Amino acid sequence: MTPEARAWHPPDLSPTDPTRIPAMNGSRLLVQPRHVAEADAVRAFLDRPRPAAMEIGFDHGMCLVDRARAFPDTLQLGVEIREARVRALQPHLPANAHAWRVDARSALLSVVPDRRLSVIYVLFPDPVWKEALRHRHLLFSPAFTTLCARALAPDGILHVATDVQPYFAFVGSLLGNWIPADPPRMGAELSRRERVCKRDGVPIHRGSWRAPIRLDEQGKRTHA
Ligand SMILES: C[S@@+](CC[C@H](N)C(=O)[O-])C[C@H]1O[C@@H](n2cnc3c(N)ncnc32)[C@H](O)[C@@H]1O
(Lines give C-alpha, C1' and ligand atoms only; values in the text may rest on other atoms or scores of the structure.)
Protein backbone atom coordinates (compact mmCIF):
# COMPACT_ATOMS: atom_id res chain seq x y z
CA MET A 1 0.00 0.00 0.00
CA THR A 2 1.31 3.46 -0.82
CA PRO A 3 1.90 5.91 2.07
CA GLU A 4 -0.96 7.99 0.65
CA ALA A 5 -3.34 5.01 0.80
CA ARG A 6 -2.13 4.07 4.28
CA ALA A 7 -2.83 7.61 5.51
CA TRP A 8 -6.34 7.72 4.01
CA HIS A 9 -9.07 8.32 6.57
CA PRO A 10 -12.82 8.83 6.28
CA PRO A 11 -14.42 12.23 6.67
CA ASP A 12 -15.75 13.21 10.04
CA LEU A 13 -19.38 12.08 9.88
CA SER A 14 -20.43 13.48 13.24
CA PRO A 15 -21.82 16.79 11.93
CA THR A 16 -23.50 15.06 8.95
CA ASP A 17 -27.23 14.77 8.61
CA PRO A 18 -27.56 11.07 7.59
CA THR A 19 -30.54 11.91 5.37
CA ARG A 20 -28.62 14.51 3.37
CA ILE A 21 -27.30 13.14 0.09
CA PRO A 22 -24.24 15.12 -1.00
CA ALA A 23 -24.76 14.41 -4.72
CA MET A 24 -23.24 16.34 -7.60
CA ASN A 25 -25.29 19.48 -8.32
CA GLY A 26 -27.64 18.57 -5.50
CA SER A 27 -29.82 15.53 -5.10
CA ARG A 28 -32.87 17.30 -6.60
CA LEU A 29 -31.09 17.69 -9.94
CA LEU A 30 -33.10 15.02 -11.73
CA VAL A 31 -36.42 16.79 -11.34
CA GLN A 32 -35.14 19.59 -13.57
CA PRO A 33 -36.81 19.48 -17.00
CA ARG A 34 -33.64 18.82 -18.99
CA HIS A 35 -32.95 15.65 -16.99
CA VAL A 36 -36.46 14.25 -16.89
CA ALA A 37 -36.21 12.46 -20.27
CA GLU A 38 -32.94 10.77 -19.26
CA ALA A 39 -34.45 9.65 -15.98
CA ASP A 40 -37.57 8.37 -17.74
CA ALA A 41 -35.41 6.38 -20.18
CA VAL A 42 -33.76 4.66 -17.22
CA ARG A 43 -37.14 3.99 -15.62
CA ALA A 44 -38.31 2.38 -18.90
CA PHE A 45 -35.09 0.36 -19.14
CA LEU A 46 -35.57 -0.98 -15.61
CA ASP A 47 -39.25 -1.67 -16.22
CA ARG A 48 -38.41 -4.71 -18.33
CA PRO A 49 -39.10 -8.02 -16.55
CA ARG A 50 -35.51 -9.15 -16.02
CA PRO A 51 -33.15 -9.03 -13.03
CA ALA A 52 -31.20 -5.78 -13.02
CA ALA A 53 -27.71 -4.90 -11.81
CA MET A 54 -26.13 -1.47 -11.45
CA GLU A 55 -22.45 -0.59 -11.72
CA ILE A 56 -21.38 2.67 -10.12
CA GLY A 57 -18.42 4.51 -11.66
CA PHE A 58 -17.90 2.26 -14.72
CA ASP A 59 -15.16 4.48 -16.24
CA HIS A 60 -14.41 2.87 -19.64
CA GLY A 61 -17.27 0.41 -19.11
CA MET A 62 -15.41 -2.76 -20.05
CA CYS A 63 -16.91 -4.70 -17.17
CA LEU A 64 -20.40 -3.35 -17.88
CA VAL A 65 -20.32 -4.46 -21.52
CA ASP A 66 -18.72 -7.77 -20.63
CA ARG A 67 -21.41 -8.61 -18.07
CA ALA A 68 -24.19 -7.53 -20.43
CA ARG A 69 -22.83 -9.93 -23.08
CA ALA A 70 -22.12 -12.75 -20.63
CA PHE A 71 -25.50 -12.50 -18.86
CA PRO A 72 -28.08 -11.67 -21.57
CA ASP A 73 -30.87 -12.65 -19.16
CA THR A 74 -30.11 -9.55 -17.04
CA LEU A 75 -30.27 -5.78 -17.40
CA GLN A 76 -27.00 -3.96 -16.70
CA LEU A 77 -27.31 -0.29 -15.77
CA GLY A 78 -24.08 1.69 -15.50
CA VAL A 79 -23.77 5.14 -13.96
CA GLU A 80 -20.74 7.38 -14.28
CA ILE A 81 -20.25 11.09 -13.61
CA ARG A 82 -17.73 11.62 -16.43
CA GLU A 83 -19.71 12.60 -19.49
CA ALA A 84 -16.96 11.78 -22.01
CA ARG A 85 -16.77 8.21 -20.73
CA VAL A 86 -20.53 7.76 -21.07
CA ARG A 87 -20.61 9.17 -24.60
CA ALA A 88 -17.69 6.99 -25.68
CA LEU A 89 -19.33 3.84 -24.36
CA GLN A 90 -22.85 4.35 -25.65
CA PRO A 91 -22.30 3.07 -29.24
CA HIS A 92 -20.85 -0.19 -27.90
CA LEU A 93 -23.64 -1.16 -25.54
CA PRO A 94 -25.64 -4.34 -26.07
CA ALA A 95 -29.44 -3.93 -25.86
CA ASN A 96 -29.54 -5.16 -22.27
CA ALA A 97 -27.13 -2.44 -21.06
CA HIS A 98 -27.69 1.26 -20.43
CA ALA A 99 -25.11 3.90 -19.53
CA TRP A 100 -26.16 7.10 -17.79
CA ARG A 101 -24.17 10.17 -16.88
CA VAL A 102 -25.36 10.84 -13.38
CA ASP A 103 -24.21 10.88 -9.79
CA ALA A 104 -25.06 7.41 -8.47
CA ARG A 105 -26.56 8.98 -5.36
CA SER A 106 -29.08 10.98 -7.36
CA ALA A 107 -29.97 7.93 -9.45
CA LEU A 108 -30.58 5.80 -6.37
CA LEU A 109 -32.49 8.54 -4.61
CA SER A 110 -34.87 9.53 -7.39
CA VAL A 111 -34.98 6.96 -10.19
CA VAL A 112 -34.10 3.37 -9.28
CA PRO A 113 -37.26 1.74 -7.89
CA ASP A 114 -37.14 0.22 -4.42
CA ARG A 115 -35.96 -3.42 -4.34
CA ARG A 116 -35.26 -3.44 -8.07
CA LEU A 117 -31.57 -4.36 -8.14
CA SER A 118 -30.12 -7.82 -7.68
CA VAL A 119 -26.55 -6.45 -7.56
CA ILE A 120 -24.84 -3.10 -7.04
CA TYR A 121 -21.20 -3.24 -8.16
CA VAL A 122 -18.86 -0.57 -6.80
CA LEU A 123 -15.47 -1.35 -8.32
CA PHE A 124 -12.64 0.77 -6.97
CA PRO A 125 -14.63 3.79 -5.79
CA ASP A 126 -12.77 7.05 -5.94
CA PRO A 127 -10.98 7.49 -2.57
CA VAL A 128 -11.10 11.30 -3.08
CA TRP A 129 -7.47 11.96 -2.22
CA LYS A 130 -8.02 15.66 -1.45
CA GLU A 131 -9.11 15.54 2.12
CA ALA A 132 -10.99 18.84 1.90
CA LEU A 133 -13.28 17.36 -0.79
CA ARG A 134 -13.81 14.00 0.85
CA HIS A 135 -16.77 15.10 2.88
CA ARG A 136 -18.79 15.99 -0.22
CA HIS A 137 -17.45 13.68 -2.91
CA LEU A 138 -16.84 10.38 -1.15
CA LEU A 139 -19.43 7.92 -2.46
CA PHE A 140 -19.81 5.88 0.71
CA SER A 141 -21.67 7.48 3.59
CA PRO A 142 -24.51 6.39 5.88
CA ALA A 143 -26.99 8.00 3.48
CA PHE A 144 -25.52 6.15 0.49
CA THR A 145 -25.71 2.74 2.16
CA THR A 146 -29.33 3.46 3.09
CA LEU A 147 -30.06 4.20 -0.58
CA CYS A 148 -28.35 0.96 -1.59
CA ALA A 149 -30.40 -1.04 0.92
CA ARG A 150 -33.56 0.49 -0.46
CA ALA A 151 -32.67 -0.23 -4.09
CA LEU A 152 -31.60 -3.84 -3.52
CA ALA A 153 -33.99 -6.75 -3.77
CA PRO A 154 -34.22 -8.74 -0.50
CA ASP A 155 -31.55 -11.16 -1.75
CA GLY A 156 -29.64 -8.42 -3.59
CA ILE A 157 -25.91 -7.95 -3.10
CA LEU A 158 -23.71 -4.90 -2.71
CA HIS A 159 -20.25 -5.77 -4.02
CA VAL A 160 -17.25 -3.51 -3.33
CA ALA A 161 -13.63 -3.76 -4.40
CA THR A 162 -10.84 -1.31 -3.55
CA ASP A 163 -7.09 -1.27 -3.12
CA VAL A 164 -7.28 1.43 -0.40
CA GLN A 165 -7.41 -0.67 2.74
CA PRO A 166 -8.58 2.10 5.13
CA TYR A 167 -11.43 2.90 2.71
CA PHE A 168 -12.42 -0.77 2.72
CA ALA A 169 -12.39 -0.73 6.55
CA PHE A 170 -14.59 2.39 6.46
CA VAL A 171 -17.06 0.67 4.10
CA GLY A 172 -17.09 -2.34 6.44
CA SER A 173 -17.89 -0.09 9.39
CA LEU A 174 -20.78 1.52 7.50
CA LEU A 175 -22.12 -1.95 6.65
CA GLY A 176 -21.79 -3.23 10.22
CA ASN A 177 -25.32 -4.64 10.34
CA TRP A 178 -25.32 -5.97 6.75
CA ILE A 179 -24.88 -9.68 6.13
CA PRO A 180 -21.68 -10.94 4.47
CA ALA A 181 -22.54 -12.80 1.26
CA ASP A 182 -20.97 -14.76 -1.56
CA PRO A 183 -19.74 -12.53 -4.39
CA PRO A 184 -22.20 -11.93 -7.22
CA ARG A 185 -21.59 -13.15 -10.77
CA MET A 186 -18.70 -11.22 -12.29
CA GLY A 187 -17.75 -11.19 -15.95
CA ALA A 188 -14.32 -12.29 -17.16
CA GLU A 189 -13.19 -8.71 -17.85
CA LEU A 190 -11.16 -6.87 -15.20
CA SER A 191 -11.77 -3.18 -14.54
CA ARG A 192 -9.02 -0.76 -15.43
CA ARG A 193 -7.98 -0.22 -11.83
CA GLU A 194 -8.03 -3.94 -11.16
CA ARG A 195 -5.67 -4.51 -14.09
CA VAL A 196 -3.26 -1.91 -12.70
CA CYS A 197 -3.39 -3.51 -9.25
CA LYS A 198 -2.73 -6.97 -10.68
CA ARG A 199 0.14 -5.64 -12.80
CA ASP A 200 1.76 -3.84 -9.84
CA GLY A 201 1.04 -6.52 -7.25
CA VAL A 202 -1.20 -4.20 -5.21
CA PRO A 203 -3.52 -6.13 -2.85
CA ILE A 204 -7.25 -5.80 -3.56
CA HIS A 205 -9.89 -5.86 -0.85
CA ARG A 206 -13.29 -7.21 -1.84
CA GLY A 207 -16.53 -7.65 0.02
CA SER A 208 -20.12 -8.60 -0.74
CA TRP A 209 -23.05 -7.99 1.56
CA ARG A 210 -26.80 -8.37 1.72
CA ALA A 211 -28.77 -5.58 3.37
CA PRO A 212 -30.23 -6.29 6.80
CA ILE A 213 -33.63 -7.95 6.56
CA ARG A 214 -36.72 -7.78 8.72
CA LEU A 215 -40.24 -9.15 8.29
CA ASP A 216 -43.07 -6.71 7.59
CA GLU A 217 -46.58 -6.99 9.10
CA GLN A 218 -47.56 -9.59 6.46
CA GLY A 219 -44.47 -11.66 7.23
CA LYS A 220 -42.78 -10.65 3.95
CA ARG A 221 -39.03 -10.09 3.92
CA THR A 222 -38.09 -6.46 3.69
CA HIS A 223 -35.04 -4.38 4.42
CA ALA A 224 -34.45 -3.01 7.91
C1 LIG B 1 -11.23 5.18 -9.25
S2 LIG B 1 -12.29 5.19 -10.64
C3 LIG B 1 -12.58 3.43 -10.88
C4 LIG B 1 -13.14 3.13 -12.22
C5 LIG B 1 -13.46 1.66 -12.52
N6 LIG B 1 -14.61 1.23 -11.75
C7 LIG B 1 -12.29 0.78 -12.28
O8 LIG B 1 -12.38 -0.11 -11.43
O9 LIG B 1 -11.27 0.96 -12.95
C10 LIG B 1 -13.85 5.74 -9.94
C11 LIG B 1 -14.88 6.05 -11.00
O12 LIG B 1 -16.11 6.41 -10.36
C13 LIG B 1 -16.64 7.57 -10.98
N14 LIG B 1 -17.47 8.23 -9.93
C15 LIG B 1 -17.01 8.87 -8.83
N16 LIG B 1 -18.03 9.30 -8.06
C17 LIG B 1 -19.17 8.90 -8.69
C18 LIG B 1 -20.55 9.06 -8.40
N19 LIG B 1 -20.95 9.70 -7.29
N20 LIG B 1 -21.46 8.54 -9.26
C21 LIG B 1 -21.05 7.88 -10.38
N22 LIG B 1 -19.74 7.71 -10.72
C23 LIG B 1 -18.81 8.20 -9.89
C24 LIG B 1 -15.43 8.35 -11.45
O25 LIG B 1 -15.72 9.26 -12.48
C26 LIG B 1 -14.52 7.21 -11.90
O27 LIG B 1 -14.73 6.85 -13.23
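The model is a predicted one, in which local features need pLDDT of at least 70 and side-chain atom pairs count only at pLDDT 80 or more, while totals for chains, interfaces and linings use all residues. Residues are numbered from 1 along each chain as its sequence is written.

Helices (H or I, at least four residues) and strands (E, at least two) are DSSP runs, numbered from the N terminus. Two strands pair if DSSP finds at least two bridges between them. In general, strands of a sheet pair through backbone hydrogen bonds, either parallel or antiparallel. Here, 7 strands form an open sheet with mixed pairing, in the order β3-β2-β1-β4-β5-β7-β6. The edges are taken by β3 and β6 (179-180), each with a single partner strand, so one side of each is left without a neighbour in the sheet. Helix α2 (residues 33-46) packs on this sheet and touches β1 (52-56), β2 and β3, where contact requires C-beta atoms, placed from the backbone, within 7 Å. The direction of α2 makes about 155 degrees with that of β2; such angles run from 0 to 180 degrees between N-to-C directions, with axes fitted to C-alpha atoms, for helices over the stretch in contact.

Both kinds of pairing can be followed in the model. β2 and β3 run parallel and are joined by 5 bridges, with Gln76 having Ala97 of β3 as its bridge partner. Together with helix α4 (residues 83-89), β2 and β3 make a right-handed β-α-β unit; right-handed means that, with the strands pointing away from the viewer, the path from the first strand over the helix to the second runs clockwise. By contrast, strand β5 (residues 152-162) and strand β7 (residues 205-210) pair in the antiparallel sense over 6 bridges, and Ala161 stands opposite Arg206 in β7.

Helix α7 (residues 142-151) lies across β4 (117-123) and β5, at about 135 degrees to β5. Of its 10 residues, 7 are buried, so α7 is largely enclosed by the rest of the structure; buried means that 20 or more other C-beta atoms, placed from the backbone, lie within 10 Å of the residue's own. Phe144 and Leu147 are among these buried residues.

Terms used. Two residues are in contact if their C-beta atoms, placed from the backbone, lie within 7 Å. A residue is buried if 20 or more other C-beta atoms lie within 10 Å of its own, exposed if 12 or fewer, and partly exposed in between; C-beta atoms are placed from the backbone.
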